[in-house]
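Here's a quick tour of one protein model, written to be read with the viewer open. Have a look at the fold before going through the details below.

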Amino acid sequence: STYTNAFAFTQFFGVFCAPWNGLLLDRHKRKAKPTETASSGSLALQRLIDLKATVLSLTITVTQCVLFSLSAAIPVLPVQFLTFILQVINRAFLYGGHASFVAIGYVLQASQHLPRSPEF
């Protein structure tokens, strides 16, 4: 089927979409104001800058999710080509952004609950 082949073809390009969210986070974090840089030595300030960088990423991800849901709800078959493309980009941003946010936002809390190997 044409649509099955198109869906399979678009899934391949998820490999190329995966780094976009990380690049966006890094670029936004580098644009921090000179008064907010890590040179001040405050760990809390650095974590706040990292969390501010995730706001743009999460906003873009939510917008993509809404666009994907709207395009999937349209019962016109040619629109589903757009849905396939949005699904690939959405998946890359959703999984990458979630992992980045958890690593940045819960780094101290999560590291305390990680399973540790038994010491002999």
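According to the UniProt annotation "transmembrane region", from an unreviewed entry, the stretch covers residues 6-25; such annotations may be inferred rather than shown by experiment, with positions in the numbering used here and feature names shortened. Over residues 6-25 the chain is 90% helix and 0% strand, with 30 Å between the end C-alpha atoms.

A word on ground rules: this is a predicted model, where local features need pLDDT of at least 70 and side-chain atom pairs count only at pLDDT 80 or more, while totals for chains, interfaces and linings use all residues. Residues are numbered from 1 along each chain as its sequence is written, and side-chain values use heavy atoms, leaving out hydrogens and water.

Overall, the protein has six helices and zero strands (DSSP runs numbered from the N terminus: helices are H or I with at least four residues, strands E with at least two). Mean pLDDT, the predictor's confidence in each residue from 0 to 100, is 81 for the protein, and 80% of its residues reach 70 or more. Helix α1 has the highest mean pLDDT of the elements, and α6 the lowest:

| Helix | Mean pLDDT |
|---|---|
| α1 | 92 |
| α6 (residues 107-112) | 59 |

Of the 120 residues, 24% count as buried (under 20% relative accessible area; exposed is over 50%, partly exposed in between, with a 1.4 Å probe and protein chains only). The accessible surface comes to about 8500 Å², and 71% of that belongs to carbon and sulfur atoms (Shrake-Rupley method, 1.4 Å probe; for residues, only the protein chains shown count as cover).

Helices α1 (2-12) and α2 (14-17) each supply at least two patch residues. F13 sits in the loop between them and is partly exposed, at 34% relative accessible area.

What does T54 touch, beyond residues up to four places away in sequence? Its contacts (heavy atoms within 4.5 Å) are L25, F101 and I104. T54 belongs to helix α4 (residues 43-73) and counts as buried because its relative accessibility is 3%.

I89, in helix α5 (residues 79-105), touches C17, W20 and Q64, again leaving aside residues up to four places away in sequence. I89 and V15 are 74 residues apart in sequence, yet 9.9 Å apart in space, C-alpha to C-alpha.
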